[in-house]
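I opened the notebook today to walk through one structure and jot down what I looked up. Here is the entry, in the order I went.

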Amino acid sequence: MSRRSRMSSPSRRTLLHTAAKLHYLDGLSQIEVARRMEVSTASVSRLLAQARKEGIVRIDVADPDAPDDMAEALAAALELDRVRVMDTDRLAVLGAQVGAMLQEAALPPGAVIAIGWGRAVQSLIAGGLPALPGAVVVPTTGGMTETAAHFQINEFVRKVAEQVGGEARMLHAPARPATDLRAELVRDPGIAQVMDAWDRADVAIVGIGNSPQTAGDHGLGFAPEAHGRVVGDVVRHYFDRDGRAVPWPGQSSLMGITRAQLQRVTLSIGIAVGRDKVAAIIGAARSGMITALVTDAATARGILDHLASDPGPGASQELK
């Protein structure tokens, strides 16, 4: 069989599609694609070149200023220190954006990085983070009772520590223990060590959740009048459209970083994409629990449009 025939065979075309999807859509490096496909890096490079030649991959050069312009506008409108806007909503490319923020921050040796939970954080970790040797990585909350992969926060911590070359400190406790159990748990030296790290966190990387109504979480016990005010949360700290805290009955026993501790973190990166997250992102920024944001262009445009039509009462400095 000739080389030309082999190149056009179904199995070969499947390889082209697989390599192209993993690299261009999922945001994996050629090294990682090679590992996934169990081929050499040189083979992946050839597959990607052939995929472009055959039109499987079409590369358009977008206006390079548009995402940067929106990022600058968002930073000003939301009073955030840093904003990164991706030109795609593919969560797998989050790692590059968050990694750039971490490298720009010039973190000190032994920096404490607090990791949140959720699908966005899970996708971020899948994309990988840059080396930060000596970093101490801790969870922002105890383990979730749910079995879904995006709630496995101790596993997130382990993976991040492995990626950055740091030390993982797990929190072997439920997120919402009973009050008497929490009083016992905080006496454990390992748990106390993590809680102490929350006070010293240099970085927090957190997802921004929807309101309980949108997320389908109706078990928190909000009063009826409070429930309707909630637009989102960061690590179970719920807020309204102006960033004001909306407490819920079980919050006092929450095993997690506090709202005040998050507000003291110099670089607290909120990550969220999707038009359904617009109100939650605005509220999170106004709450002071995030100082930086990574989102996609469509969501950024939605935020700017929302703020233009409904800027909200007052400035955010009184919301903390």
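I call a residue buried when its relative accessible area is under 20%. One caution before I start: this is a predicted model.

**Helix α6**

I began with α6, residues 94–104, and found it mostly covered, with eight of its 11 residues buried. I listed them as Leu94, Gly95, Gln97, Val98, Gly99, Ala100, Met101 and Leu102. What covers these buried residues? My list of covering elements includes the helix α7 (119–127) and the strands β1 (82–86), β5 (203–207), β9 (267–271) and β10 (292–296).

**The cores**

Next I looked up the largest nonpolar core, which has 76 residues. Which members touch the most others? They are Leu78, Ile205, Ile269 and Ile271. Apart from that core I noted another one of 14 residues, with Ala20, Leu28, Ala51 and Val57 among them. I keep a general reminder here: in soluble globular proteins, nonpolar side chains tend to be buried together.

I then picked isoleucine 205 and set aside its neighbours within four places in sequence. The contacts of isoleucine 205 include Val98, which I had already listed as buried in α6. Isoleucine 205 also touches Ile113, Ala114, Ile115, Gly116, Val121, Leu124 and Leu129, as well as Ile269 and Ile271.

**α3 against α4**

I turned to α3 (residues 30–37) and α4 (residues 41–53), whose axes lie 8 Å apart at an angle of about 105°. Angles of 65 to 115 degrees count as roughly perpendicular, so I logged α3 as roughly perpendicular to α4. From α3, I see Gln30, Ile31, Val33, Ala34 and Met37 meeting Thr41, Val44, Ser45, Leu47 and Leu48 of α4. I sorted the residues of this contact into seven nonpolar, three polar and no charged.

**α14 against α15**

My last pair was α14 (residues 278–287) with α15 (residues 297–309), and their axes cross at roughly 75° and come within 9 Å. I logged α14 as roughly perpendicular to α15 too. Here Val278, Ile281, Ile282 and Arg286 of α14 meet Thr299, Gly302, Ile303, His306 and Leu307 of α15. This contact divides into five nonpolar, three polar and one charged.

The side chain of serine 287 reaches the backbone oxygen of alanine 284 at 2.6 Å.

Conventions. Residues numbered from 1 in each chain as written. Predicted model: local features only at pLDDT ≥ 70, side-chain atom pairs only at ≥ 80, totals over all residues. Heavy atoms only, no water. Core = buried A, V, L, I, M, F, W, Y, C linked by side-chain atoms within 4.5 Å. Buried < 20%, exposed > 50% of the residue type's maximum accessible area, 1.4 Å probe, protein only. Contact = heavy atoms within 4.5 Å. Axes fitted to C-alpha atoms, helices over the stretch in contact; angles between N-to-C directions. Helix = DSSP H or I, 4+ residues; strand = E, 2+ residues; numbered from the N terminus. Parallel < 35°, antiparallel > 145°, perpendicular 65-115°, else oblique. Nonpolar A, V, L, I, M, F, W, Y, C, P; charged D, E, K, R; others polar. Polar contact = N/O pair within 3.5 Å; in protein donor to acceptor, adjacent residues only side chain to side chain.
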